[in-house]
Amino acid sequence: MTAVGTPAERREGREKVTGTARYAAEEHLPGRLFARPVPAATARGRVTDVDVSAALALPGVVAVLTHENAPRLAAPDDPTLAVLQDPEVPHRGWFTALVVADSLETARAGAAAVRVTCAEEEHDVTLAADHPRAYVPETINGSFPGAREQGDPDGAFTGAEVRVDVVYRVPPLHNHPMEPHASTAHWDGERLTVHTSSQGTTAVRAALGRMFGLPKERITVVAEHVGGGFGSKGTPRPDVVLASMAAWHTGRPVTVVVPRRMMPTTVGHRAATLNRLRLGADAGGRLTSLAHEVTTYSSRVKEFVEYAGIPARVMYAAPHRSSVHRVVRLDVPTPSWMRAPGEAPGMYALESAMDELAEALGMDPIEVRILNEPRTEPDSGKPFSSRHLVECLREGARRFGWAGRDPRPRTRSAGPLLFGTGVAAATYPVQVYPSSAAARALPDGSFLVEVNAADIGTGARTVLAQIGADALGVPLERVVIRVGSSDLPAAPLAGGSSGTASWGWAVHEACARLRGQLAGRQSPLPAEGLQARADTAGVADAESPFARHAFGAHFAEVSVDTVTGEVRVRRLLGVYAAGRILNPRTARSQFVGGMTMGLGMALTEGSTLDAAFGDFAESDLASYHVPAHADVPDVEAHWIEEDDPHLNPLGGKGIGEIGIVGTAAAVGNAVHHATGIRFRELPLTPDRVL
Ligand code: MOS
């Protein structure tokens, strides 16, 4: 391999930094209209009247869609897409109308003029561990058992020499990609074309086909450039349905951009989790019992479970163990995937509790973790395809300068500042889904590689071209790559840190096949070239005889201002074992991006469901604080070369999510080291810390 492993520059970088990269809302089609949704102001109830007269009277307003006049669609698989189909209001912010106008400004004025009357019912948006309607789902999002138990975790905990019994709370968190959710739709007879901001348009096409009753040949969904998603664009969102309906209704192209303040309620979010951890250990530090009980919520619209108890099934050896998820269906906006769903909040809680255990034992937190390394995956008993957590911890300790650390809290200070350091482990599963790809050799000596991957800012194009070049045995410059359209060979989403492995497998296969066809060929290529296709199956978890996960270690150094309560991260270091790193330049960006998001989770990001109104109090970027550059002084990402033959032909484990996983715990543990105080609720804002 010559291209894979090199720090190739991202192919669309110049387009992006010069502003020529076009996003979904920037399809300047002739006659285009703009539409603005009207959110419900009721947390639970039913629309009894929509008065659209004032909106329609505004010059430039073309139409107002409501549940009474919107096109009737077939029921979607995802009920959050069934917008304007009935008068029910399942949560505040649910869309009740859509104003279509000749400009964005007029649509906005029109939306403000729509009067929606609702019959209100009592609502409940308050999560509590003792909520009477909490239940344990049989499966979590169809993937994992809701509860697992081995041995006698209660008995072993009660009898343990050292015990930690703590509750860590993670608030609702919002994905807030820089580019809001947006779609531009137009119909050509009964053919629908949509430009949308999505992590995977093959699935968007399937959803639209089902809802509008169209065969896939009559739908094209394009996502050429995507300004981030963090999971919130992993599935189609209401904007794509609204734009398609409005374009059908008006006969003109329509763009819907979800306003920033409507995103928290309509594009998914990370649900709050209450994490009760009970760790029992012998005096030597070996875990005898590990129990993680998660209480979280979903909406009335659908059950989505933030599976924060899953890492407890993977991380540490303990003969007695349990992990249970309890869900309460509340009148809240529907939660969904957000970067490292499950692992991010779950590992925050588990890794904070492990730090508490180390303190209770009087042991170094790295050594406690190493002591409890499992030989096989604790829950399944499967051998790990590879697991280099210990190496990550040791390498991180070396780079960070952990040796000689005084474990006693509150021992380093300067003026009003206290300093501390903390460590936490990270894990994220390996997932590989079916994909297809095509590769074509052209007479001019170039190669066209096609796969409906989504480049959400990760550099997917670049790494896929690298994979293709090596499989073809040609220089990288000769490979042209096309991604981001449902007309290309079908592919799974950019999500679950699975994109590169899934698409890359198909690209590798198609290119290797083409290379085989070209080898020994004597005659010149026809004008249209020569094409090979591949459909790869991936490896489903259940099929693999191995437990496949990436691992990592995070280290943080913080200062805590005893006058203002301000916590600042001074250094952040991550060391990862994530299989083969295919492009060190773009990989580093993803690791650092994940750690930055983890820093936000630790210190600044947090949302509140207002009990009276049933809505998030922090619905824009002025109140929901994501880290700015000044908050991120020194972030380093490194990795351990890992050669794992049980993954895919490329040997990569996926890197998009693991960066966030242990970061918040490392920061929190450092804050404890600085102050001697355990804060068990995120984010660590000055009001909490003072
Ligand atoms: Mo990620 S939350 O799987 O897009």
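Helix α13 (residues 584-603) and helix α15 pack with their axes 7 Å apart and at an angle of about 50°. Helices here are DSSP runs of H or I with at least four residues, strands are runs of E with at least two, and both are numbered from the N terminus. An axis is a line fitted to C-alpha atoms, for helices over the stretch in contact, and the angle between N-to-C directions runs from 0 to 180 degrees. The helices α13 and α15 are therefore oblique to each other; angles under 35 degrees count as roughly parallel, over 145 as roughly antiparallel, 65 to 115 as roughly perpendicular and the rest as oblique. Their crossing is right-handed, a term used if the near helix is turned clockwise from the far one by less than a right angle, anticlockwise being left-handed. On α13 the contact is made by M595, G598, L599, M601, A602 and L603, and on α15 by T663, A664, V667 and G668. Two residues are in contact if their C-beta atoms, placed from the backbone, lie within 7 Å. By class, this contact of α13 with α15 has 7 nonpolar, 3 polar and no charged residues. Ala, Val, Leu, Ile, Met, Phe, Trp, Tyr, Cys and Pro count as nonpolar, Asp, Glu, Lys and Arg as charged, and the others, Gly among them, as polar.

The model is predicted: local features need pLDDT of at least 70, side-chain atom pairs count only at pLDDT 80 or more, and totals for chains, interfaces and linings use all residues. Residues are numbered from 1 along each chain as its sequence is written.

Helix α15 (residues 663-675) also meets helix α8 (residues 343-361), where the axes come within 8 Å and cross at roughly 35°. The crossing of α8 and α15 is right-handed. M347, Y348, E351, S352 and D355 of α8 face A664, A665, G668, N669 and H672 of α15 in this contact, which by class has 4 nonpolar, 4 polar and 2 charged residues. Beyond α15, the loop between this helix and α16 (686-689) holds P683. The peptide bond from L682 to P683 is cis, with omega near -5°.

A further helix pair is α11 (residues 460-472) and α12 (residues 499-518), whose axes come within 8 Å and cross at roughly 30°. That angle makes α11 roughly parallel to α12. Here α11 passes α12 in a right-handed crossing. The contact involves A460, V463, L464, I467, G468, A471 and L472 of α11, together with G499, T500, W503, G504, V507, H508, C511, A512, L514 and R515 of α12. By class, it has 11 nonpolar, 5 polar and 1 charged residues.

At the level of the chain, the domain assignment (bounds come from an automatic or database assignment) gives domain 1 (24-122 + 178-228 + 233-266), domain 2 (139-173 + 269-430 + 544-689) and domain 3 (433-538). The centres of domain 1 and domain 2, taken over C-alpha atoms, are separated by 37 Å. Their contact takes 14 residues from domain 1 and 18 residues from domain 2. The side of domain 1 that touches domain 2 has 4 nonpolar, 6 polar and 4 charged residues.

UniProt, in an unreviewed entry, places the feature "domain: Aldehyde oxidase/xanthine dehydrogenase a/b hammerhead" at residues 18-122. Over residues 18-122 the chain is 13% helix and 33% strand, with the end C-alpha atoms 51 Å apart.

One backbone detail remains. N141 lies in the loop between β7 (139-140) and β8 (144-145). Although N141 is not a glycine, its phi is positive, at about 50°.

Key. UniProt positions renumbered as here; feature names shortened; annotations may be inferred.
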